[in-house]
There are 2 protein chains.
Amino acid sequence: MAESMKGLKRTHYCGDLRLADEGKEVVVGGWVQKQRDKGTLVFVDLRDRTGIVQLTFDDRSDPAVHEKAAGLHSEYVVIAKGTVLKREAPNPDIPTGDVEIFVTELRVLSEAQTPPFHISGDNKVNDEIRLKYRYLDLRRKTLQDNLRIRHEIAKSTREYFYENGFLEIETPMMMKSTPEGARDYLVPSRVHNGKFYALPQSPQIYKQLLMIAGYDRYIQLARCFRDEDLRADRQPEFTQIDMEMSFVDIDDVLEIGEGFVKKVFQDVLHVDVPTPLPRMTYQEAMERFGSDKPDTRFGMEIMDVSDLVKDSEFGVFQNAVENGGSVRAIVAKNAASALTRKNIDKLVEYVRGIGAKGLAFVRWADETPSCSFSKFMKEGELEAILERLGCEKGDVALFVADKNSVTLPVLGALRLTVAKQLDIIPEGYNFLWITEFPFFEWDEEQKTWVAMHHPFTMPMDECLEYMETDPGRVRAKAYDLVLNGTELSSGSIRITDPVLQQKMFEALGLSKKEIEAKFGFLVDAYQYGAPPHGGMGIGLDRLAMIMTGAESLRDVVAFPKVQNASELMSECPSTVDEQQLRELGIQLIQTEE
Amino acid sequence: MAESMKGLKRTHYCGDLRLADEGKEVVVGGWVQKQRDKGTLVFVDLRDRTGIVQLTFDDRSDPAVHEKAAGLHSEYVVIAKGTVLKREAPNPDIPTGDVEIFVTELRVLSEAQTPPFHISGDNKVNDEIRLKYRYLDLRRKTLQDNLRIRHEIAKSTREYFYENGFLEIETPMMMKSTPEGARDYLVPSRVHNGKFYALPQSPQIYKQLLMIAGYDRYIQLARCFRDEDLRADRQPEFTQIDMEMSFVDIDDVLEIGEGFVKKVFQDVLHVDVPTPLPRMTYQEAMERFGSDKPDTRFGMEIMDVSDLVKDSEFGVFQNAVENGGSVRAIVAKNAASALTRKNIDKLVEYVRGIGAKGLAFVRWADETPSCSFSKFMKEGELEAILERLGCEKGDVALFVADKNSVTLPVLGALRLTVAKQLDIIPEGYNFLWITEFPFFEWDEEQKTWVAMHHPFTMPMDECLEYMETDPGRVRAKAYDLVLNGTELSSGSIRITDPVLQQKMFEALGLSKKEIEAKFGFLVDAYQYGAPPHGGMGIGLDRLAMIMTGAESLRDVVAFPKVQNASELMSECPSTVDEQQLRELGIQLIQTEE
């Protein structure tokens, strides 16, 4: 049975002890990382969240204490009192390596079964086992460091926004379901059978109401929920650094965002992020990088050769340009040896998988470039193309010919794939703002314009006139913050004019009844005096992932869910009593076996 | 249509301007609190979250600006540029009363309909209207102050716990349903039809797992949910300052809690709370105050006169004592004139309503005390009772005779009621710890022992021996923090010994299967080495309510729900599409009309 720690009070954390503590009597507590029993000599590596210190037992030890030490196993929890001694054989690998504790009192507070995997080291163990025993996996230094860094990011975030006059205001978790955007998680009501709350996809509506209510600057680290099919980098619940400010336009919000990034990276990683951050319009980002979240840590930009090939005899090129599309290319410098024909064949398959009809290439390994479309080239044509692309001996050029809505994103994705394959992406933190997003996207299926951001986003002043006549031309006061190819944050200035909002809803094809049902109270609220306002939501989980260098969101969330939205440790979701459901006025739909 | 603020940037908040700013050109933005049009002279009180400043327009004003000012109405949002002038007729009632802004540029950013109630002042308006237009109610200074104070409490809380080595770690909102304690809010799973998540009643299980995982000191301001029938001072979702620490016993946790209270009251209210805080055992609190959350700002303590009346001829008194109960009383000093016979009759009804058979009294208004049971008193008996009670002329003594489980709580409630009636409760903040709670409560209906805290609570060391033989005698390492009669916080040291935990479950009548289904993974976790640990949860909403002096939780929550758990502004909960339910594998139970 476990011993009590009564009468002993911890004086130090394990990892904090140094030579300066020599001679001190200390009490430490922690987990046995390793025990080495060499007969008279017993060594124990004791671990707590700060690190490891060595406990020592020898022939001067009280026999009862010595015996207890000899019986310790991995992950036993002990508290030990003893004297800090200088170590005869220092261990330079750990910060406490110059000292050891000669233990005079030892209590086993908790025994431990042999864990299903080793806590020390990062040796690969089946993910499912790790997640089932998450409380053990969380003992690993990597995860402990990650959660500590996440804590520091959140701390620095709050400091920054508080210093800048933002008030943290909590908004409801059980709110009204609005069938907009992603799928809501629903919560059935017991008091109002047949009715449901929704978990928030974001506090968007509430923060806009807070601006109408005059709170001026709002911040919240808010849990958000989306019932989507999970991809590797998604969790059904996630945390958003959610902010909104009044009496501002775009520049004011971006300035606050830049100060935030600067402070958090300085505080947590001691990295200076030069500000102001670069800005790029959506259109430029698409044309140069084929993405609205370009990774700008490397070049390999997309180039247009349409004008050079529009009259060529290569039908694929010619047709693309004739049909209003384009022929574009990226050039992988000095990649001819790394990108073999076989590799290129795989890239052809890859682009076909993401919507392109094919991939043309020039691989300039030897004296003469090997070109997949050379037989169609008239004299000088290929040379002109290569010159435009700056393609030299040793390089590989990859071409896609299609509608722009294909060439750009496909080459954007290819650019990333090739760069990863060539391992040419440098370390670092490349931020940039993407601005001037199109307001509307044409939904081919529904034959209607849909809002690219949300329907409360303000169009740019100079685009107001096209609202009805040419929706595709309207750009929005919307902005994303991109870091190393990841969308870190998204935001906009909101519409505060009820008349304009009405027009916007109409442009989106919403009927009066739909508007009333979905946003009635919000539309009402804007009738009572609203300041110009805007804000953004910053993904805390993704930020933590990048700042810790973690490979998955799971590594920066204490108790993550897996791809099918279940949690392996507690095995939730789970069945509940029939009686509970009856109280909620719901029943399961019986399906045939 | 609304004007744009383009080219104007706010330089100051309204409430910040002072005589020292005289002559400065400033830009302010806000809501029109009041407009007074005196022909040539137009005054506008402009309000933002910091306060109010006067805008002035006169015959020197640009006619277009003057005309615009003349057209302003309450709650219009404007931005104004102008010069700070010394006011000829200062207004000593507001901090900016020495100055005014002579406006040279004015833009109406948003017009406003006439609001359904006045924003200024605290004049009583129907609660339902206020809640329907919550975004307008939130413009009132009282609510703005409350939310600002709540923000400051949360800020100070985090500072304190961070300084003391606590890490803020976010735990899941969608977790496993455990049919324990209050009713869970459920979330149906789309991926796993027929299964449900639960919203957390508290992060209890996760924080215990974090201690097992070695995080040592955990804090979280966590949203919690309880699907209970709402009383006036409950919300279905609320925020808990949730903490847990390892390698500690009771004293360590209480010390941290005391430091917390001291700092928050100092930071936010500039009130010094002397520490250490007083402690009182559960038994003492019940006997002296008839409550486990006594308001100790006033006396009127409960006294026992059982020994004096056990042989009296008053059957009610005699029987109570004979049956193992007691006769106890409280004395309201100098209350004989305030507590008329009629008032006392009402108190009799009151105590009957809360479970007592009746209320005996002595009302000593004149020379001779008027006593409801005088005819049963032998010579000297009444005098002895009055002497014991310290009851003097002018006082009223109120008696309850019954089982202790009736006399104590009934007199405890009566004590509060009488004190409020007499208005004798002084201002101030009286904290105390209640300790040594009974571990088990006997559930008369279910004929079983139930855990008074939760089943993971550690019994006191000296009580372990009674676990099986005399459960009613076991006290727990549980503690509540009480402030002015409100339970602010509740916590305990947890069981870390799997053998003891097993015994505890057995004592609570849980079968192996039930244990496994409810707590299987937690029981498992304690097999792998757990440090001694304990913590508590502090109700942030209640704390904010007391610190702001608000009368309801609604006044410290931005978007509260009403008693039937609905939100009047957005009208949630609401119906959802049939299709959404089908995806979740559920359907509504059809009830007959």
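Guide: A salt bridge here is a side-chain nitrogen of Lys or Arg within 4 Å of a carboxyl oxygen of Asp or Glu. B:Lys9 makes one with A:Asp252, and their closest N and O atoms are 2.3 Å apart. The model is predicted: local features need pLDDT of at least 70, side-chain atom pairs count only at pLDDT 80 or more, and totals for chains, interfaces and linings use all residues. Residues are numbered from 1 along each chain as its sequence is written, chains are lettered from A and ligands numbered from 1 in the order in which they are written, and side-chain values use heavy atoms, with hydrogens and water left out.

Across the whole interface of chain B and chain A, the rule finds 16 salt bridges. Polar contacts (N or O atoms within 3.5 Å; within protein, one able to donate a hydrogen and the other to accept it, with sequence neighbours counted only if both atoms are side-chain atoms) link 61 residue pairs of chain B and chain A, both residues at pLDDT 80 or more. On the side of chain B that touches chain A, helix α4 of chain B, residues 141-163, gives the most, with 9 residues. (Helices are DSSP runs of H or I with at least four residues, strands are runs of E with at least two, and both are numbered from the N terminus.) By class, that side of chain B has 63 nonpolar, 27 polar and 33 charged residues.

In total, 123 residues of chain B and 124 residues of chain A take part in the contact, meaning heavy atoms within 4.5 Å. The two chains bury about 11,300 Å² between them, and 59% of this lies on carbon and sulfur atoms. Buried area is the accessible area (1.4 Å probe) lost on being put together, summed over both parts.

The chains also join through strands. Strand β23 of chain A and strand β23 of chain B, residues 586-588 in each, run antiparallel and are joined by 3 bridges; DSSP must find at least two for strands to pair. In this pairing A:Leu588 stands opposite B:Ile586.

As background on the fold, 8 strands of chain A form an open sheet with mixed pairing, in the order β6-β9-β10-β22-β21-β20-β17-β11. Its edge strands are β6 (167-168) and β11 (279-281) of chain A, each pairing on one side only. β6(A) pairs with β9(A), residues 217-225, in the parallel sense over 2 bridges. There A:Leu167 has A:Tyr218 as its bridge partner.

Conventions
Nonpolar A, V, L, I, M, F, W, Y, C, P; charged D, E, K, R; others polar.
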